[in-house]
2 protein chains.
Amino acid sequence: MVTIADVAKHAGVAPSTVSYVLTGRRSISSATKARVEASVRALGYHPHAGARSLASNRANVLALVLPMREGMHMPVLMQFVVAVANAARRHDHDVLLVTADQGAAGLRRVAGSAQVDGLLVMDVEMHDERVPVLRDLDRPSVLIGFPADAAGLTCVDLDFAEAGSRCVDHLADLGHTYVALVGAPRAVYQRDTGFAHRTMAGFSAAAMRRGVSSTTLPTETDHESVRVAITGLLERHPAVTGLVVHNEAALPSVVEVLRSLGRKVPDDVAVIAICPDDQAERLMPPLTSVAVPAEQLGHHAVALLMAKLDRTPTPPLTLLPPRLTERASTTR
Amino acid sequence: MVTIADVAKHAGVAPSTVSYVLTGRRSISSATKARVEASVRALGYHPHAGARSLASNRANVLALVLPMREGMHMPVLMQFVVAVANAARRHDHDVLLVTADQGAAGLRRVAGSAQVDGLLVMDVEMHDERVPVLRDLDRPSVLIGFPADAAGLTCVDLDFAEAGSRCVDHLADLGHTYVALVGAPRAVYQRDTGFAHRTMAGFSAAAMRRGVSSTTLPTETDHESVRVAITGLLERHPAVTGLVVHNEAALPSVVEVLRSLGRKVPDDVAVIAICPDDQAERLMPPLTSVAVPAEQLGHHAVALLMAKLDRTPTPPLTLLPPRLTERASTTR
DNA sequence: GCCTGGCTTCGAAGCGCTTCGATACGTCAG
DNA sequence: CTGACGTATCGAAGCGCTTCGAAGCCAGGC
């Protein structure tokens, strides 16, 4: 193994000088710096992560705490994971995976062993058992999602209430007077997941405000359930002409069911999705949508966590503003 | 921070004794052991991961090298990730995520810095740029998938050739004489991904062997493409009565398109999927399938890697035997 | 000519753990 | 009773790095 001492000898300097070149924590003359960097490359030196973490008390690793619950949409989750991993690398950090079934003990373990400098927690629920643990951990953390009591925490999420509201506004502006929210699977509401709840609240509030009639229904993700749900919805509420779909997995089926029922999109029924842009673009017809910006959220969460690690003050609550893109599934 | 010295003092023993209790590398009297364990709990001691890794030259972390390529099915990928993470925990290891866009340099970095003890590489292609890097890394690795040249490597995968073959056998046994393979997106074949290639080879070979006619077509994942593909397939090859689908994302659409074309499953067309069991079960009708055992593969891969870390001899190539489960989409 | 201050660089301490050899104490065979 | 051996524990060295204080050197001001 190549050590810092080897590099130092090769470059004709003290080990500490090499360290300062690598960490940039003291100024080093450009001549020495260049010589050291050449030696690093020549020897293929990689600092020993354990030694570094022991000496500096920083591991340069973030924990990504993954939930794994019913009704979650894997492609979106994966987008988050990848976005977080890449953002972390840009800040010279790696990502350690902590899965749900390790529970609170898992958080304590990775934080207590100094294996990670901070934690990123995904898919937070209103009453999440991990939240109190995070509070008394001595490491900073950032939540993607909002628990009921966010005091003392840093949270970031899409403004789902505003997203739901924007969808209604868009439909109302187009003249629709009866709209429906096709929501997440029932299980998601039952466990009181913040984002689903907030979308619904924003949707309903906007309908009230705009004076349009509205209804909401949870929806499972398999095609047959979607068929039954949508068929029933249109039978019970024949005046519905606008659908807001907040359920990525059910989306293709919703479109397909409307087609098979002979309801033309957008002529008979307008559809707005709350989902990642690429998915909305790929469907036929391309759907007007409010983007779930997984990439952006992941980056933002990492940036917040890095700021906390630097002891830079950070806003406790960040709501990213939703962006609605008009496509072929709604028309003037 | 609580250190091993604190625990030792609390238990009235030497630090080394605490270490031996924790690692089990020397025998300790049960009385002392109990006392130390009590102190560990009382103080809430977690060994410092960096210090441990520095002293023992083992980080107790595995790298999971994730690809992120076009045409990959995220839910299956996520199943792998979770299975690997959980299996690793059972062996007292954690999982560090290395994403594709870090490339070969990423592998060198995590291995060179002693951040990980071994590497798990997913979705290996026939001619994978990462393979030569793995060979000259000084850490053991296990590939999920097979490259063209697997010399000196440890690989594990489902026996996809046999899986393709079993599907044909099953259909032939039921009397079908013309079968089609509905495969992965074109991009997957273009980059010469092993599993897709092997399924196809097994499928075609079995068709020859059994004397049934066969055809194959790559298929994109969006509903419209599937509709065009399946409609075209049945027009060009009207005698086809058996479909083998090796494309998880397209699967719901395939079933739906058959329905909309008025082809009853299994009466007009028999369908076998190569996909995770839960997905096959959830469709209507439930599909006969050869399971892609993500969970089992993940566990097996971790077990192999742990064996290599222990310097236990391991088989270079492991092919898990496919398991075909009959469900309602094929009948006698 | 001497002191001050800034810029570089050095040397050594020490982070918390594992591990190796040594020690202490029985136990048992001869 | 003694020597050999096995078991349980201790003490110290050292893993590779960061970091702090100090030292060396040069320039500039008096």
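Helix α2(B) gives the most to the surface near DNA strand C, with six residues, where helices (H or I, at least four residues) and strands (E, at least two) are DSSP runs numbered from the N terminus. The structure is a predicted model, in which local features need pLDDT of at least 70 and side-chain atom pairs count only at pLDDT 80 or more, whereas totals for chains, interfaces and linings use all residues. Residues are numbered from 1 along each chain as its sequence is written, and chains are lettered from A and ligands numbered from 1 in the order in which they are written.

Of the 29 residues around DNA strand C, those that come nearest are A:Ser16, B:Ile4, B:Ser16, B:Ser19 and B:Ala55; a residue is near a molecule or strand if its C-beta atom, placed from the backbone, lies within 6 Å of it. Two or more residues are given to this surface by each of α2 (15-23) and α4 (49-56) of chain A and α2 (15-23) and α4 (49-56) of chain B. The surface near DNA strand C comprises 15 nonpolar, 11 polar and three charged residues, with Ala, Val, Leu, Ile, Met, Phe, Trp, Tyr, Cys and Pro counted as nonpolar, Asp, Glu, Lys and Arg as charged, and the others, Gly among them, as polar.

In chain B, the axes of helix α1 (residues 4-11) and α2(B) come within 8 Å and cross at roughly 100 degrees, axes being lines fitted to C-alpha atoms, for helices over the stretch in contact, with angles from 0 to 180 degrees between N-to-C directions. The two helices α1(B) and α2(B) are therefore roughly perpendicular, a term that covers 65 to 115 degrees. On the α1(B) side the contact (C-beta atoms, placed from the backbone, within 7 Å) is made by B:Ile4, B:Ala5, B:Val7, B:Ala8 and B:Ala11, and on the α2(B) side by B:Pro15, B:Thr17, B:Val18 and B:Ser19.

An open sheet of 12 strands, with mixed pairing, has the order β11(A)-β5(A)-β4(A)-β3(A)-β1(A)-β2(A)-β2(B)-β1(B)-β3(B)-β4(B)-β5(B)-β11(B); two strands pair if DSSP finds at least two bridges between them. Because β11 (317-320) of chain A and β11 (317-320) of chain B stand at the edges, each with a single partner strand, one side of each is left without a neighbour in the sheet. Within chain B, β4 (residues 141-144) and β5 (residues 155-158) pair in the parallel sense over two bridges, B:Leu143 having B:Cys155 as its bridge partner, while β5(B) and β11(B) run parallel and are joined by four bridges.

Note on methods
Parallel < 35°, antiparallel > 145°, perpendicular 65-115°, else oblique. Contact = placed C-beta atoms within 7 Å.
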